[in-house]
Amino acid sequence: MSKIIHIIKTVLSETDFFLLFMCIATSGYGILMVYSATLAEKDPSMVISRDARTMIIAVAAGIVCAIIISFIDYNFISKMFPVIGAVCVLLLVLTLFIGVGPAERPDAKTWLKLGSTGLFFQPSELMKVGFIITLSMHIELIGDRLTQFRHILLLGIHAAIPIGLVVLSGDMGSALVFLLIFIAIAFCAGVQLRYFAVGAAAVCAAAPAVWYFLFDSTQKERFLGLIYPELYSDIMYQQEQGLKALKNGGLTGCGLFNGILTQQPNAIPEAENDMIFTAIGEELGFVGCVLAITMLTAISLKMIHVGRRSKFGATSLMCYGIAAMIIGQMIINIGMCLKILPVIGITLPFFSAGGSSNLCIYIAVGLAMSIYRFDKDREVTNVRIAPIFSLQN
């Protein structure tokens with residue numbers, strides 16, 4: 001009996017309850033706002049909308065996944081990085097052939113239909129986690145040779161694979177998130193600033209080609225609408241309505257379930273998804289918005305803290321990558337809602353509706369919890385597997 005009690009105490013002491021509870025609380029906040037944002041559109045015969053129900057199921061499944069993953073030694077997860085990367089890439093490739101897109105953008109084939117279940121999965125969300133793991137391990141294998149140009153080039157090719165695949169599928173928003181994750185991990189790993197300067201110059205040089213050959217007419221209009229809103233009133237309708245909702249909210253909001261625009265069917269397109277921040281602002285005001293940003297920032301800072309205390313470079317980078325993903329998506333999503341940035345289909349982590357995004361963010365949380373658990377009061381162990389997957393000169 002004493003041994004069982006000791007095991008339970010050990011398990012509890014090694015569990016990052018702060019991170020888990022913060023994520024659950026933030027998801028609870030998000031579910032409440034998605035429920036409110038879809039209240040006016042739900043079928044009268046249903047207690048909650050389909051989006052709210054899907055989010056609840058995804059969050060519940062995600063929490064279970066996070067807890068299970070937290071008990072898997074990150075040494076094993078790290079060694080499995082080639083398999084993780086291959087599976088994620090395979091799923092992205094499948095979307096190019098059998099992927100489906102939303103009714104408003106059938107060309108953006110970013111979803112896989114899961115048989116006859118009526119459910120859909122977005123592989124790019126899982127690829128974000130897989131990319132964080134594989135890129136971190138790639139840098140771990142490079143080690144002291146990170147200053148060499150050919151290894152920086154290999155890292156660039158590594159990043160180009162998921163970015164290229166999501167661009168081909170029509171998901172430019174996810175491509176930007178992958179780029180931000182890559183920059184954050186590379187910077188934290190100590191890549192020299194001159195390489196970032198070269199990369200920035202390359203991006204600027206490629207911008208005209210991206211504009212003319214990769215952006216479709218709608219994507220171009222979303223950028224142009226920020227400069228000439230009077231010329232693109234139709235394309236800017238979503239963001240204009242979102243701004244009105246935020247202004248309606250003022251300091252403390254119109255009250256939960258009482259948003260003037262939020263509670264009108266289709267008054268704000270995608271109010272439960274890309275524009276969920278406007279629902280928060282209208283119903284809970286500036287106070288509610290600050291609370292949402294504070295909760296996401298707290299989760300990100302906790303991720304960074306776990307990374308800083310980790311004994312290994314690769315697992316530290318994984319935590320930094322997760323934090324960069326959350327912060328990057330938060331900035332982009334809120335920028336879209338404030339009409340500072342064009343709408344590019346980026347969700348607000350833990351808040352926006354969507355099964356894939358909510359499930360996969362908890363997979364990332366589980367990884368961070370595993371790093372926290374197996375780094376706690378343990379001796380340093382070398383997890384590099386260079387003898388098997390060598391990147392020797």
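**Close-up views of cavities and aromatic contacts**

**View 1. Lining of the largest cavity.** Seven nonpolar, four polar and two charged residues make up the lining of the largest cavity. This is a predicted model, in which local features need pLDDT of at least 70 and side-chain atom pairs pLDDT 80 or more, while totals for chains, interfaces and linings use all residues. Residues are numbered from 1 along each chain, and side-chain values use heavy atoms, without hydrogens and water. The largest cavity has a volume of about 100 Å³; among its 13 lining residues, Glu 125, Gln 329, Pro 349, Ser 357 and Ile 361 lie nearest its centre. A cavity is a set of points on a 1 Å grid over the protein atoms alone where a 1.4 Å probe fits but cannot get out, and lining residues have an atom within 4 Å of a point.

**View 2. Edge-to-face pair of Tyr 29 and Phe 351.** The ring centres of Tyr 29 and Phe 351 are 5.1 Å apart and the planes stand at 75°. Rings pair if their centres lie within 6.5 Å, with planes under 30 degrees apart counted as stacked, over 60 as edge-to-face and the rest as tilted. Both Tyr 29 and Phe 351 are buried (under 20% relative accessible area; exposed is over 50%, partly exposed in between, with a 1.4 Å probe and protein chains only).

**View 3. Aromatic cluster of Trp 211, Phe 215 and Phe 223.** Phe 215 and Phe 223 are stacked, with ring centres 5.5 Å apart and planes at 15°. Phe 215 is buried at 16% relative accessible area, whereas Phe 223 is partly exposed at 33%.

Terms used: Rings of Phe, Tyr and Trp (its six-membered ring) pair if their centres lie within 6.5 Å; planes under 30 degrees apart count as stacked, over 60 as edge-to-face and the rest as tilted. On a 1 Å grid over the protein atoms alone, a cavity is a set of points where a 1.4 Å probe fits but cannot get out, and a pocket is an open set with protein on both sides within 12 Å along at least five of seven lines; lining residues have an atom within 4 Å of a point. Grid points are joined across faces, edges and corners, and a volume is the space filled by probe spheres set on the points. Ala, Val, Leu, Ile, Met, Phe, Trp, Tyr, Cys and Pro count as nonpolar, Asp, Glu, Lys and Arg as charged, and the others, Gly among them, as polar.
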